Amino acid sequence: MGKRIRFTCKNCGKGYEGDIGGGKNYALFRCEQCNREQTHPRPFPLQKAIKCDYCGGRLSEDIPPLCPVCKSKDIAWGDIILTYE
Ligand SMILES: [Zn+2]
Ligand SMILES: [Zn+2]
């Protein structure tokens with residue numbers, strides 16, 4: 001199940017929204033190194049086997065998107081705005 005979350009950048013204070021988790025039939029990942037979003041259909045192989053297509057970094061389902069202003073990774077999680085299948 002996917003969630004839309006309100007994030008706040010701890011570096012510059014920018015507030016923005018981002019999606020986490022994907023949907024019922026696909027998973028939304030972000031790369032721990034380059035933060036690119038990638039989706040994989042569910043069910044997918046063991047998470048440790050999933051690597052970033054771009055840099056080979058580890059993918060995670062619960063990394064917030066980078067700050068759209070300053071590209072910081074230091075992001076505070078806020079409220080869930082909505083959830084979806
Ligand atoms: Zn920022
Ligand atoms: Zn990557």
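Among contacts in the protein chain between residues at least 6 apart in sequence, what percentage join residues at least 24 apart? The figure is 52%, where two residues count as in contact if their C-beta atoms, placed from the backbone, lie within 7 Å.

Before I continue, a word on the source. This is a predicted model, in which local features need pLDDT of at least 70 and side-chain atom pairs count only at pLDDT 80 or more, while totals for chains, interfaces and linings use all residues. Residues are numbered from 1 along each chain as its sequence is written, and chains are lettered from A and ligands numbered from 1 in the order in which they are written.

Let me begin with the overall form. The protein chain has 6 strands and 0 helices; here helices (H or I, at least four residues) and strands (E, at least two) are DSSP runs, numbered from the N terminus. Read from the N terminus on, the elements are therefore β-β-β-β-β-β. The C-alpha trace spans about 35 × 30 × 15 Å along its principal axes. A compact globule of 85 residues would have a radius of gyration near 12 Å, and the 13 Å of the protein chain agrees with that. That radius is taken over C-alpha atoms, and the globule rule is 2.2 Å times the number of residues to the power 0.38.

Strand 1, residues 2–9, pairs with strand 6 in the antiparallel sense over 7 bridges. Within this pairing, F7 has W77 of strand 6 as its bridge partner, and T8 has A76. Strand 6 is hardly covered, for the count of buried residues among its 10 residues is 1. A residue is buried if 20 or more other C-beta atoms lie within 10 Å of its own, exposed if 12 or fewer, and partly exposed in between, with C-beta atoms placed from the backbone. Across the 85 residues of the protein chain, 18% count as buried.

Which residues make up the largest nonpolar core? They are I5, F7, C9, I20, L66, C67 and I75, 7 residues in all. Strand 1 gives the most to this core, with 3 residues. A nonpolar core is a set of buried Ala, Val, Leu, Ile, Met, Phe, Trp, Tyr and Cys residues joined through C-beta atoms within 7 Å. In soluble globular proteins, nonpolar side chains tend to be buried together. As for I20, leaving aside residues up to four places away in sequence, this residue touches G2, K3, I5 and D62.

The next sheet is also open, with 3 strands in the order 4-3-5 and antiparallel pairing. Its edge strands are strand 4 and strand 5, each of which pairs on one side only. Strand 3 (residues 26–31) and strand 4 (residues 37–41) are joined by 5 bridges. Here Y26 stands opposite P41, and L28 stands opposite T39. Strand 3 is joined to strand 5 (residues 59–60) by 2 bridges, and C31 stands opposite L59.

Finally, I would draw attention to the loops. Strand 3 and strand 4 form a hairpin with 5 residues between them, and N35 in the turn has a positive phi of about 65°. Most residues other than glycine have a negative phi, and most peptide bonds are trans. K71 also has a positive phi of about 65°, although it is not a glycine; K71 lies in the loop between strand 5 and strand 6.

Are these two residues buried or exposed? N35 is partly exposed, with 16 other C-beta atoms within 10 Å, whereas K71 counts as exposed, with 11 C-beta neighbours inside 10 Å.

Conventions:
Pairing = 2+ DSSP bridges.
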